[in-house]
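Work through the following exercises with the sequence and the model side by side, and try each task before reading its solution.

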Amino acid sequence: MKTKSKMPALQSAQPSSRSSRLKMLKEILGNPKTPYPIDADTARRYYAQAESGKGFGIGSLSGETVDLAEYVNVQDYESLSPDDHLSWARLIEEQQSTKHRFACEEYLAGEKLFEIGGNAIPDYYLLNARIYQQTGWQLATVSKIIPAEVFFHCHSHKFFPVTTFMRPLGTDYLEEPDIGHDIAGHVATFTIPQVAQVMNNHGLANDLIHHEKEAKLKLAKSACERDAILKEATELLLYAGRLYWFTVEFGLVLQNNKLKAFGAGILSSPGESKFSVDSLESNRILIDLRDDRDLLRLATTDYLISEYQKTYFVLRDFDALDSLTPERILSTVHAAKNLPHHTWRELVPGDTVLNVGATMMSSLEKYYRLLADQDSDPCIRRTAIRNLRMYANGIATNRSRDVAFLKELPTVPSKLIAEFCRVDQGRDVKCGCDCKRTPHKTTDLR
Ligand SMILES: [Fe+2]
């Protein structure tokens with residue numbers, strides 16, 4: 001959903017001159033009193049690159065780098081249009097009206113520290129140096145939305161992929177990330193150590209999934225087996241992405257008994273900043289990420305990116321994020337693969353509910369909606385189909401944690417599963433190889 005801002009247009013949005021930006025960069029690079037100081041040689045090389053007029057591509061202050069392959073891009077600052085800067089200035093102005101009420105304290109402090117604001121898009125050379133000095137993270141400029149594997153691989157090396165595209169003037173919310181989302185949403189939250197660490201941990205979990213996939217591929221004996229291994233890795237990444245989505249992107253936190261936003265997806269949309277905290281439309285659920293049940297709840301919850309969220313998860317404090325180690329992320333996504341999932345509208349037994357959203361639905365409703373052909377969004381349909389197939393085939397879990405999670409869910413009536421199976425009559429399709437795997441099925445339910 002895209003909404004048009006009602007704010008009046010600013011008179012002008014002026015970037016500072018190239019010479020004053022270079023002067024500023026020299027001052028930043030010369031600051032030795034930072035948590036991650038930049039040595040003189042590195043600073044000289046970095047400054048020379050900026051001075052040469054070469055666009056900013058990948059931060060080069062840490063000695064590390066990442067391969068962005070075909071997604072590599074540069075920020076050519078001089079080519080940003082007056083409308084780009086105006087769109088940024090309007091976003092910042094609108095944020096002013098919401099952030100002091102809805103953003104967490106650390107975001108406001110981070111914004112000051114990195115000087116995110118003003119009436120012109122930040123020059124990535126300056127911003128990258130500031131971020132590195134304070135957090136050890138750097139920017140890597142990409143051309144478009146990148147695959148999850150590349151995105152999280154960057155995270156494992158403390159590179160944050162950023163776009164060079166600014167949303168059209170007056171747009172409040174976009175499905176795809178832009179400079180407004182990446183910079184005005186994410187960057188200030190790097191100052192929250194637990195958020196920065198959990199982002200890095202997601203990167204390291206991605207590496208674990210990748211290594212696991214590579215090891216299995218070496219042992220695969222058929223094309224069919226290889227396909228299944230690749231499919232599994234994609235699935236695991238999807239579930240890891242949900243943990244990231246409901247925290248780093250759309251997380252709320254309690255501060256002084258008030259709901260505050262720390263998720264970048266929320267903070268980069270002034271409209272959703274207010275909606276996430278104030279609206280009666282969405283569910284809000286208090287979670288403790290140290291609790292396996294709550295972590296599984298996130299990993300098994302599907303969502304859409306096309307509109308404001310229907311459920312927000314609320315942390316008591318940021319410390320709980322420390323429990324999301326790469327190994328625990330890996331173990332959770334493996335468990336999620338074998339469990340029924342939830343739609344983004346659902347409340348389920350065991351949830352600590354702060355607000356029942358007007359769009360809330362029960363766990364069973366999605367199945368009845370599917371069979372009545374009254375599903376109201378794609379999330380309901382795909383989750384219901386996935387789960388009913390799983391129930392029909394029998395759910396095999398052996399870890400007590402996963403069994404406990406499964407038992408918590410309402411029993412799905414056997415007649416309902418039978419009715420689904422009747423409709424979901426597939427026809428067997430040959431694998432195309434000589435392995436002994438159960439034949440694939442196609443179905444009328446899509
Ligand atoms: Fe994001």
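Strand E3 (residues 252-255) and E6 run parallel and are joined by two bridges. This is a predicted model, in which local features need pLDDT of at least 70 and side-chain atom pairs count only at pLDDT 80 or more, while totals for chains, interfaces and linings use all residues. Residues are numbered from 1 along each chain as its sequence is written.

**Exercise 1. Describe the surroundings of strand E5: to which strands is it joined, and is it enclosed or open?**

On one hand, E5 runs parallel to strand E6 (residues 311-315), to which five bridges join it, and arginine 284 has tyrosine 312 as its bridge partner in E6. E5, helix H12 (residues 292-299) and E6 together make a right-handed β-α-β unit, the hand being right if, with the strands pointing away from the viewer, the path from the first strand over the helix to the second runs clockwise. On the other hand, E5 runs antiparallel to strand E7 (residues 352-355), to which three bridges join it, and here leucine 286 is partnered by threonine 352. A residue counts as buried if 20 or more other C-beta atoms, placed from the backbone, lie within 10 Å of its own, as exposed if 12 or fewer do, and as partly exposed in between.

**Exercise 2. Locate asparagine 256 and alanine 69, and give the phi value of each.**

Asparagine 256 lies in the loop between E3 and E4, and its phi is near 50°, a positive value in a residue other than glycine. It counts as exposed because 6 C-beta neighbours fall inside 10 Å. Alanine 69, in the loop between helix H2 (40-51) and H3, has a phi near 45°, which is also positive in a residue other than glycine. Alanine 69 is exposed, with 9 other C-beta atoms within 10 Å.

**Exercise 3. Characterise how domain 1 meets domain 2, beginning from the domain bounds.**

The assignment, automatic or from a database, gives domain 1 (18-191) and domain 2 (197-442). Their centres, taken over C-alpha atoms, are separated by 31 Å. In all, 27 residues of domain 1 are in contact with 28 residues of domain 2, contact requiring that C-beta atoms, placed from the backbone, lie within 7 Å. On the side of domain 1 that touches domain 2, at least two residues each come from helix H3 (82-102), helix H4 (105-113), helix H6 (148-156) and helix H7 (179-186), and H6 gives the largest share, seven residues.

Methods:
Contact = placed C-beta atoms within 7 Å. Helix = DSSP H or I, 4+ residues; strand = E, 2+ residues; numbered from the N terminus. Pairing = 2+ DSSP bridges.
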